[in-house]
Amino acid sequence: MDKVFRNQINRFVVLYLDDILIFNKSMEEHMRHLEEVMQILKDAQLHLNLEKSEFGRDNVIYLGHRLFAAGLEPEATKVEVIRKWPQPANVCELRSFLGLASYYRKFVPKFSIIARPLSKLTSKNVSYTSNEECTTAFDALKEALVSHPVLCIADPKLTFVVTMDASLYGIGAVLQQDDGDGLRPLECYSKHMPSHKVVASTYMRELYALREALDHWKHYLLGRHFKVFSDHETLKWIQTQINPSTTLTRWLREIDVYDFEIKHKKGCYNRVADVFSRHPEYMTCLVGSYDLRKNLKEELIEHTAKDPELSPILEQIRADPSSQPDFHECKGLLFRRYGKHDRLCVPNHEPIMTQFLDLAHGRSGHFGVEKTYGNLLEKFVWFGMKRMAQRFVAECEVCQRIKPSRQKPYGLLHPLPIPDGPGEFVSIDFTDMGKKSRNGYSQVMVIVDLFFKFLNLIPLPPNAPTDLVIEEFNKRYILQCGPPKTLVSDQDTRFISADWKNFTSQTYDMKLKMTSGRHPEANELAEEINQTVIQLLRALIVPDQNSWDEELPIVQGLYNNSIHSSTGMTPNCLHLGWKIRNPLSYLFLEQPPGLTPGQPGYSAKYDRLLKVVVAAMERRRNAMIKHANKKRQPDPFTVASYVWVKMSEFSEEKGVSRKLLPQYYGPWKVLNRVGNDSFGPSYTIDVPAHLRTYPVFHASKLFPYKSPETFKYQESMIPHAINGGHEVDKIVEHSGKGRNRQYKVHFLYHPLNDFYWIAKKDLLQSAPRVDQF
């Protein structure tokens, strides 16, 4: 049949074995093509079964699908079969269900991830045992198939859009087109993540997902330009990798045959392969379940009889019960009466007191001191119980991790010092407009002299490379105003590159000052100007946002001709040395011309002006520091101490509520203090390398760790094991080669001085998300 209709296939004929489907946009065209098909069948001496043929239909059932004007959907009878499918009782019935369901997997996003528990049961050497997880997956898969979306028919004239995502357990992708009514799905694709890919980095997983999706839809995508949306922004630079691995090189070669552009999907959370990427049910499972101490009653009786405070009272009661009216004995235990209630007198034995403290706090919801002490008062009494409860709550690792800090943030405000004069300190920063102009710009390089407050705005294209930034900065600023002595910037990759350092230090002998990337207040003027630029642009570009870059000269002029609150003068006046005329100057009496550079007395007058400006800036700076530090406190962190790091400093996890995550992660060691008093305090933290995050954090993002040293007999707070293993926090060292290699590791939430030697196989089995050492 393919040979007979070789000239008509995919133009207006689709064939599958002996099933012929003729499709057209109009009835006239359909009749003409139908006549052509009939003539070809006649010439080939092929016959049609009239009872099985349908003509002139606007919807048709074909290969288990219903084709109609709106798109494609599963055949209704097949959906009804899936809806009524009973719970599989054995592996044969399960394979039958998965076979039918897999035929319609293109309608279900992340099909392989949903069906993962069921697919495991069909593996070899796996006994068929249906549990709650499998039942949930079976019901979820049925529901997803029954409530399927309507897929559109691909239009070769429209641009294809591939949206993909990768997790630790599988990949998912959707092929879409915009038909004028928003993006509509053409097909869904999912695949289980192979185990050898799971141990790779997040970047490798995302690249693997891209490779698989493009290969699956290559019949649509090869030879045409299309777009790829991903929540992993670094994929935009896949072609700029230096010294890629063998696997990465092979994947890049396979991807390179496609013509596409990658765009970061705003609003999606990155799925980062870090310490927090675990099953949702384990995200906040911080407390292990454990039983009460064995033989607790026997221990209480034994230590009560030995206690120097309680044993004399116990002997007196046994000799004469009326000698101690506030106490009484019951089966060897001593109780004290408080009104109508009795409280157990606890002997001074640390394991027992720790057990009761844990019952009143850890096993009762991890509430604060008042509720913990209240729980104790209901049943127990011992000397120093309140003080001990306060220490227990303060040293509770779970409370330190999950509770927000109610005290002032650490780190006093230390803004940049006032420069000695113009050109001493110049701040540079980038602002993303979020909109590409008609001239191809989407960023603004904001340059401001920290003494004059004089502003320069330079538009840049998206992802402007370092060499372009250097060229524009040199041409648009240095050649106009001269090179500054000190250049202040954040930790942007372009500012920490070797090319930028060579340009600033070797070419112009400029000093570089880097502020903490997570604490923009250190360069507060640049952040303030960024907001002002956006504010002015809002007023100038409505409603056409495509011309925002053409308004930048106006924004720059408005800012430089307005009085600055810290100097009391306009930046232009300080920069030029005299007040410039404005459009309304003709309404006022003509002022005598002021002194200009070169005239006698100009230098003395300008020096007096600068002194006034410095005094004004000093007053403004002191007022700002005084106001800000009312709500801050000095940081207590020292090198080699341990701290918690705020959860907000790490990438978010898709499908997981941040409200239910711990407030802090760690504890990790402080390696050193970064910066001086003007830019600090920031600290380098010993964050595990596999988290792939910049390890410098401002003091306001840290919280001191209090080690539970007081209570040596406290039960462990280690979470439940994940798939048979605990999360590895760090690899300390390794020994041996090949299969005999051993790794010394520290497990997350274990005591800081607890290390274990494990084999490579156990490392990958217990902590598959840690990169191979």
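**Exercise 1. Find the residue that stands opposite Val-60 in strand 4.**

Step 1. Val-60 faces Leu-67 across the pairing. The model is predicted, so to speak of local features needs pLDDT of at least 70, side-chain atom pairs count only at pLDDT 80 or more, and totals for chains, interfaces and linings use all residues. Residues are numbered from 1 along each chain as its sequence is written, and side-chain values use heavy atoms, with hydrogens and water left out.

Step 2. Look at the two strands. Strand 3 and strand 4 (residues 65-68) run antiparallel and are joined by three bridges. Strands here are DSSP runs of E, at least two residues; helices are runs of H or I, at least four residues; both are numbered from the N terminus. Two strands pair if DSSP finds at least two bridges between them.

Step 3. Widen the view. The order 3-4-5 gives an open sheet of three strands with antiparallel pairing. Strand 3 (60-62) and strand 5 (71-74) are the edge strands, each pairing on one side only.

**Exercise 2. Explain what the salt bridge between Glu-254 and Arg-211 ties together.**

Step 1. Check the distance. The closest N and O atoms of Glu-254 and Arg-211 are 2.6 Å apart. A salt bridge needs a side-chain nitrogen of Lys or Arg within 4 Å of a carboxyl oxygen of Asp or Glu.

Step 2. Glu-254 sits in helix 10 (residues 246-255) and Arg-211 in helix 8 (residues 202-216), so the pair links parts 43 residues apart in sequence.

Step 3. Compare accessibility. Glu-254 is partly exposed at 33% relative accessible area, whereas Arg-211 is buried at 18%. Buried means under 20%, exposed over 50%, and partly exposed in between, with a 1.4 Å probe and protein chains only.

**Exercise 3. Work out which parts Arg-438 and Glu-550 tie together.**

Step 1. Their side chains meet in a salt bridge, 3.2 Å from N to O.

Step 2. Arg-438 lies in the loop between strand 15 (425-432) and strand 16 (443-449). Glu-550 lies in the loop between helix 19 (524-541) and helix 20 (552-560). The pair therefore joins parts 112 residues apart in sequence.

Step 3. Glu-550 is partly exposed, at 41% relative accessibility.

**Exercise 4. State how Lys-475 and Glu-472 are placed in helix 17.**

Step 1. These two form a salt bridge, with the closest N and O atoms 3.7 Å apart.

Step 2. Both lie in helix 17 (residues 466-481), three residues apart, so about one helical turn separates them.

Step 3. Lys-475 is partly exposed at 41%, but Glu-472 is buried at 11%.
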